[in-house]
Amino acid sequence: MYIDHHPILENHGNDQISFFYDGTPLKARQGQTIAAALMMNNIRKFGISRKLRQSRGLFCASGRCCSCFVTVNGLEHVLSCTTLIEEGMEIKPNTGDPDVRGGIHEN
């Protein structure tokens with residue numbers, strides 16, 4: 001479901017852009033958040049919680065809960081619910097803690 005006309009929100013029409021999620025090419029509408037684009041493509045699991053190893057996804061949709069972290073173009077822990085999707089973005093699920101010294105450690 002998508003809101004085509006809204007009295008306040010900017011209308012971006014049906015302009016489609018392409019992005020990649022975990023290597024898979026997908027389509028989104030320009031002006032969507034990353035979370036909305038993933039949900040539109042039936043992706044509900046955005047990563048795994050570091051302590052309990054449970055699925056994470058869209059929870060508050062306002063940038064407060066940090067449940068929707070993804071990796072965008074190599075930048076880890078990006079809030080997908082408040083970041084707009086862009087053409088050619090490479091998005092990966094958040095599966096571990098970042099290593100500030102250069103790698104990712106799986107929990």
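Colleague: In the hairpin of β5 and β6, which residue takes a positive phi?

Modeller: Please bear in mind that this is a predicted model. In the hairpin of β5 and β6, the residue with a positive phi is N73, at a value near 50 degrees. This hairpin has 2 residues between its strands. The strands β5 and β6 run antiparallel and are joined by 3 bridges. As one case, F69 has L79 as its bridge partner in β6.

Colleague: How many helices and strands does the chain have, and in what order do they run?

Modeller: The chain has 1 helix and 9 strands. Starting at the N terminus, the order is β-β-α-β-β-β-β-β-β-β.

Colleague: Which residues touch the most other members of the largest nonpolar core?

Modeller: The general idea is that nonpolar side chains tend to be buried together in soluble globular proteins. Here the largest nonpolar core holds 21 residues, and those touching the most other members are F19, I34, L38, I85 and I91. At least two residues of this core come from each of β1, β2, α1, β5 and β6. The largest share is that of α1, which supplies 4 residues.

Colleague: Is F19 buried or exposed?

Modeller: Burial is judged by relative accessible area, and a residue counts as buried when its value is under 20%. F19 has a relative accessible area of 0%, so F19 is buried. This residue lies in strand β1, which spans residues 16-21. F19 also shows how sequence and space can be read side by side: F19 and E90 are 71 residues apart in sequence, and their C-alpha atoms are 6.2 Å apart in space.

Colleague: With which residues is I34 in contact, leaving aside its neighbours within four places in sequence?

Modeller: I34 is in contact with V70, V72, S80, T83, L84, I85, M89 and I91.

Colleague: Where is the place of S49?

Modeller: S49 is found in the loop between β3 (47-48) and β4 (55-56). Residues up to four places away in sequence aside, S49 touches Q54 and R56.

Colleague: What of H77: where is this residue found?

Modeller: H77 is in strand β6. Its relative accessibility is 26%, so H77 counts as partly exposed. H77 and S67 are 10 residues apart in sequence, with a C-alpha to C-alpha distance of 9.8 Å.

Colleague: How many disulfides does a search of the whole structure find?

Modeller: The search finds 0 disulfides. For a disulfide, the two cysteine sulfur atoms must lie within 2.5 Å. The nearest cysteine sulfur to C60 is that of C65, at 3.6 Å, and C60 is in no disulfide. C60 is partly exposed, with a relative accessible area of 28%. C68 is likewise in no disulfide, and its nearest cysteine sulfur, that of C81, is 3.6 Å away. C68 is buried, at a relative accessible area of 2%.

Colleague: Finally, what share of the residues of the chain counts as buried?

Modeller: Of the 107 residues, 29% count as buried. The chain exposes about 7,200 Å², of which carbon and sulfur atoms supply 51%.

How values were computed:
Residues are numbered from 1 along each chain as its sequence is written. This is a predicted model: local features need pLDDT of at least 70, side-chain atom pairs count only at pLDDT 80 or more; totals for chains, interfaces and linings use all residues. Side-chain values use heavy atoms; hydrogens and water are left out. Buried means under 20% relative accessible area, exposed over 50%, partly exposed in between (1.4 Å probe, protein chains only). A nonpolar core is a set of buried Ala, Val, Leu, Ile, Met, Phe, Trp, Tyr and Cys residues joined through side-chain atoms within 4.5 Å. Contact means heavy atoms within 4.5 Å. Two strands pair if DSSP finds at least two bridges between them. Accessible areas come from the Shrake-Rupley method with a 1.4 Å probe; for residues, only the protein chains shown count as cover.
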